[in-house]
Amino acid sequence: MKKLLKYLKGSRLQCVLAPLFKMFEAILELFVPLVMAGIIDNGIGASDKNYIIKMCGVLVLLGAVGLAFSITAQFFAAQASVAFVKRLKHAVFEHIGRFSYAQIDKAGTSTLITRMTGDMDSVQSGLNLTLRLLLRSPFVVIGAMIMAFTVDTKAAMTFVVVIPALSVVVFGIMLLCIPLYKKVRVALDKVLTTARESLTGAKVIRAFCKEDEQLAEFEERNDALTKIQEYTGRISALMNPVTCIIINIGIAVLIYIGAIRVDTGIITQGAVVALYNYMTQILVELVKFANLIISITKSVACAGRIGAVLETSVESGEGTAKIDEKSDNIVEFENVSFAYDGAGENSLENISFSVKKGETVGIIGGTGSGKTTLVNLIPAFYRATSGRVLVGGADVSEISLEELREKVAVVPQKAVLFKGTIKENMLWGKPDATDEEINKALGIAQAADFVAKKDGGIDAAVEQGGRNFSGGQRQRLSVARALIKNADILILDDSSSALDYATDAAMRKAIAANQGDAAVFIVSQRTSSIMHADKIILLDDGVATVGTHEELLKNNAVYREIHLTQFDEEGEE
Ligand SMILES: Nc1ncnc2c1ncn2[C@@H]1O[C@H](COP(=O)(O)OP(=O)(O)O)[C@@H](O)[C@H]1O
Ligand SMILES: [Mg+2]
């Protein structure tokens, strides 16, 4: 929490001005009952019409100036809170950008999105309210009490009883409600999760005829939310009647005492009305204050969650080891084992192999055998749990991430495109790529044909997530994006899974023809995609067997089985 306060720095002036103007407004408000008393005593009492008109003018003036102060306060409070959240969002966004894959796994993407959106909004409105109201309400309560005493000490003694009684009720109910609101929040999260799942998975849900089950689950969670909200509502609904009873008893006593004192001529009728007004002012402010505290508590919880993101330490990404271009092996694994955070067993088990420049490596294995995990260690998306991963003779954990990732081009298993144009997506690989380079890469990735058919060619629009392209087209575009980078190491993680055999073969052939000195890693579940590789790594439950196609076919039963079943099915090898 404290860490967040530093983002207020640029708005110091506004943070002082907002409460200050709110206090000015409050002071004016405290004078209103006195003016009213004047109207009653000196205006109505003495039938002085001019006085009444004059004082009404004063009331209007007080209102107008008060409004101006209030708007000014709101202006500064809004400025400060918007600027604060802007700085904070910037910092959090930058920080999340440096999260490692393991940290993203742990935090969860949707949680991070909530932090950046809902939590930020809540902090913004919380800060705005705090700046405007946190000082104002206690100020009015105390101010009204003091004013009451200046009007008539004896009658004002009622306040001494009523205010504590009101405070107990108002803050008691508030204290009861705060933990309930937390429960509401948890229940709401559950409803939102189900809603999100149902919407994002709508097609799958229909395909599996799971609508009823989804609906039942949603209703169950929604009912739970309704119940806890009703319960909370009932308790907070007590606030109004109970405070009204107390205040009305207080007012009855006040008027009773006041009446006696008016009769005996100690105070005027106007004074009683003023006291009555101070009493209601105090009630209104106490209720406002209690609500304010509830809002602030929520905001503080949100701020805490945002603070937790900022406090997660990230890798500096710096390193001093240099990649040696002349090193014999461009990539080398030395007894590498890897386990995901929180996973019991290793996903990779004691893996060793080396790859020379210009070589092609095939990686094959069933789903979940660790193929993606293995290739993700090369650009240090994850760090080996034990053993070493070397690129250009240097341990990847000692190379600066910038230098390392400059050398590696990755086509992730899930092809991700960004909203924009095809060309803009290609420029991610190389910001200054010419159209010629882009077209060449599209050609190698077998994407030239369908891109040419799009309106605008390489300037054709890409919708969010690339949804206006088929799975296979997305794969080819993301291969092209990686090819443009012309990196020393190219990793294709199951990047042709959605392509037909002929296109897959044509793409591999084109990549090989343009490979030069680069090492290429091809991850696939088909032997046909990797059988011509210089080296094949067969993964079975995280355990690797390394060899050529012929060697593995001869010596490895698992490989032979994979190959033969596919060979039979396709009959094309
Ligand atoms: N982010 C992750 N967190 C925890 N476990 C994971 C994660 N990604 C993969 N795994 C586990 O690691 C194993 C290997 O997964 P993966 O490398 O993706 O396999 P493949 O790419 O061969 O299908 C699987 O058992 C999978 O459940
Ligand atoms: Mg995979």
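This is a predicted model: local features need pLDDT of at least 70, side-chain atom pairs count only at pLDDT 80 or more; totals for chains, interfaces and linings use all residues.
At what angle do helix α6 and helix α11 pack, and how far apart are their axes?

Helix α6 covers residues 136-151 and helix α11 covers residues 269-311, and the two pack at an angle of about 165°, with their axes 8 Å apart. Angles over 145 degrees count as roughly antiparallel, and α6 and α11 are therefore roughly antiparallel to each other. Their crossing is left-handed. If you want to find this contact in the structure, look on α6 for residues including V140, A144 and M147, and on α11 for residues including L275, I282 and F289. Sorted by class, the residues of the contact of α6 with α11 divide into 16 nonpolar, two polar and two charged.

Let me move to another pair, helix α3, which is residues 49-97, and helix α5, which is residues 109-133. Here the angle is about 155° and the axes lie 9 Å apart, so that α3 and α5 are again described as roughly antiparallel to each other. The handedness, however, is right-handed for the crossing of α3 with α5, and the contact between them has 17 nonpolar, four polar and three charged residues.

Now, what happens where α3 meets α11? The axes of α3 and α11 come within 9 Å and cross at roughly 40°, and these two helices are therefore oblique to each other. The crossing of α3 and α11 is left-handed. On the α3 side you will find L88, A91, V92, H95 and I96, and these meet I306, V309 and L310 in α11. By class, that contact of α3 with α11 divides into seven nonpolar residues, one polar residue and no charged residues.

Let us step back to the whole chain, which is divided into domain 1, made of residues 2-182 together with 237-311, and domain 2, made of residues 329-570. The C-alpha centres of domain 1 and domain 2 lie 60 Å apart, and the contact between them takes four residues from domain 1 and four residues from domain 2. On the side of domain 1 that touches domain 2, the residues divide into two nonpolar, no polar and two charged.

Note on methods:
Residues are numbered from 1 along each chain as its sequence is written. Chains are lettered from A and ligands numbered from 1 in the order in which they are written. Domain bounds come from an automatic or database domain assignment. Two residues are in contact if their C-beta atoms, placed from the backbone, lie within 7 Å. Ala, Val, Leu, Ile, Met, Phe, Trp, Tyr, Cys and Pro count as nonpolar, Asp, Glu, Lys and Arg as charged, and the others, Gly among them, as polar. Axes are lines fitted to C-alpha atoms, for helices over the stretch in contact, and angles run from 0 to 180 degrees between N-to-C directions. Helices (H or I, at least four residues) and strands (E, at least two) are DSSP runs, numbered from the N terminus. Angles under 35 degrees count as roughly parallel, over 145 as roughly antiparallel, 65 to 115 as roughly perpendicular and the rest as oblique. A crossing is left-handed if the near helix is turned anticlockwise from the far one by less than a right angle, and right-handed if clockwise.
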